[in-house]
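Here is a friendly walk through the model on your screen. Have the sequence and the 3D view open side by side as you read.

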Amino acid sequence: MLILNLMMRWLHIFSVIAAVGATVFMRWVLLPSLAGLPDEAKDLLLKNLSKRVRILIHSAIGGILLSGLYNTHLLWKSSVFPYGLVYALKVGMALGIFWVAIFLTSSNPKRAAFQANRKKWLAVSLTLAIIVVALSAYLRTLHY
Ligand code: HEM
């Protein structure tokens, strides 16, 4: 059981690193580097990226949810007030981040208008991720 607990903790942290790291890279490295490129080159680069980014983000969300639910099952019993409140806030914000990530990486043409504002939505996502990581650190202290 100890091995499974460790693996799930690893999966949670690794999936979070992959998803948040990709978001940081896209917002602060990739988007500014597109400036000055001709529209054709920009579109081709984004098209080539999109499938890989979609697979990465969907896999990371799967890993986060699986390990997050396992961690919840494991740690809920030993939690103390206000664990439930902080947990609800964290999971609510995490679902918001997932929603933005799924819309931004969607191949559905209906999401084009949403994706046109990718700079704003990546910033929203990063702000929420910074808060979620802080809430997660706080959760770790709320056990007897
Ligand atoms: C963007 C989404 C998320 C981020 C950035 C995130 C981040 C983190 C981090 C950094 C930790 C601390 C890991 C450790 O030191 O062991 C953690 C722990 C945890 N996460 Fe997440 N998480 C996310 C989503 C979720 C979701 C969706 C769930 C539940 C379904 C969840 C449930 C948990 C639980 C139960 C813990 C253990 C808290 C404790 O020590 O009591 N997380 N998370």
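## Serine 125

S125 is buried, with a relative accessible area of 7%; buried means under 20% relative accessible area, exposed over 50% and partly exposed in between, with a 1.4 Å probe and protein chains only. You will find S125 in helix α5. Helices here are DSSP runs of H or I with at least four residues, strands are runs of E with at least two, and both are numbered from the N terminus. Leaving aside residues up to four places away in sequence, S125 touches T23, I97 and V100, where contact means heavy atoms within 4.5 Å.

## About the model

This is a predicted model, in which local features need pLDDT of at least 70 and side-chain atom pairs count only at pLDDT 80 or more, while totals for chains, interfaces and linings use all residues. Residues are numbered from 1 along each chain as its sequence is written, and side-chain values use heavy atoms, with hydrogens and water left out.

## The overall fold

The protein has 5 helices and 0 strands, in the order α-α-α-α-α along the sequence. Its C-alpha atoms fill a box of roughly 60 × 30 × 25 Å along the principal axes. Of the 144 residues, 35% are buried. Among contacts between residues at least 6 apart in sequence, 78% join residues at least 24 apart.

## How the helices pack

Take α3 and helix α5 (residues 118-141): their axes come within 9 Å and cross at roughly 155 degrees. Axes are lines fitted to C-alpha atoms, for helices over the stretch in contact, and angles run from 0 to 180 degrees between N-to-C directions. That makes α3 roughly antiparallel to α5; angles over 145 degrees count as roughly antiparallel, under 35 as roughly parallel, 65 to 115 as roughly perpendicular and the rest as oblique. The crossing of α3 past α5 is left-handed, that is, the near helix is turned anticlockwise from the far one by less than a right angle (clockwise would be right-handed).

## The iron site

Which protein atoms are donors to the iron atom of the ligand? They are H12 (NE2) and K90 (NZ), lying 1.8 to 2.1 Å from the iron. The pair links distant parts of the chain, with H12 in helix α1 (residues 2-34) and K90 in helix α3 (residues 83-104), 78 residues apart. Donors are N, O and S atoms within 2.8 Å of the metal (3.2 Å for Na, K and Ca), and sites may look incomplete because water is not among the atoms.

The 6 donor atoms around the iron subtend angles of 83 to 177 degrees, which makes the arrangement octahedral; six donors count as octahedral if opposite donors are over 155 degrees apart and all others between 65 and 115. H12 is buried at 16% relative accessible area, and K90 is buried at 15%.

## Two more spots to check

S59 sits in helix α2 (residues 39-75) and is partly exposed, at 47% relative accessibility.

P82 lies in the loop between α2 and α3. The peptide bond from F81 to P82 is cis, with omega near 5 degrees. Most peptide bonds are trans.

Definitions and conventions:
Tetrahedral: all angles 85-135°; square planar, octahedral: opposite > 155°, others 65-115°.
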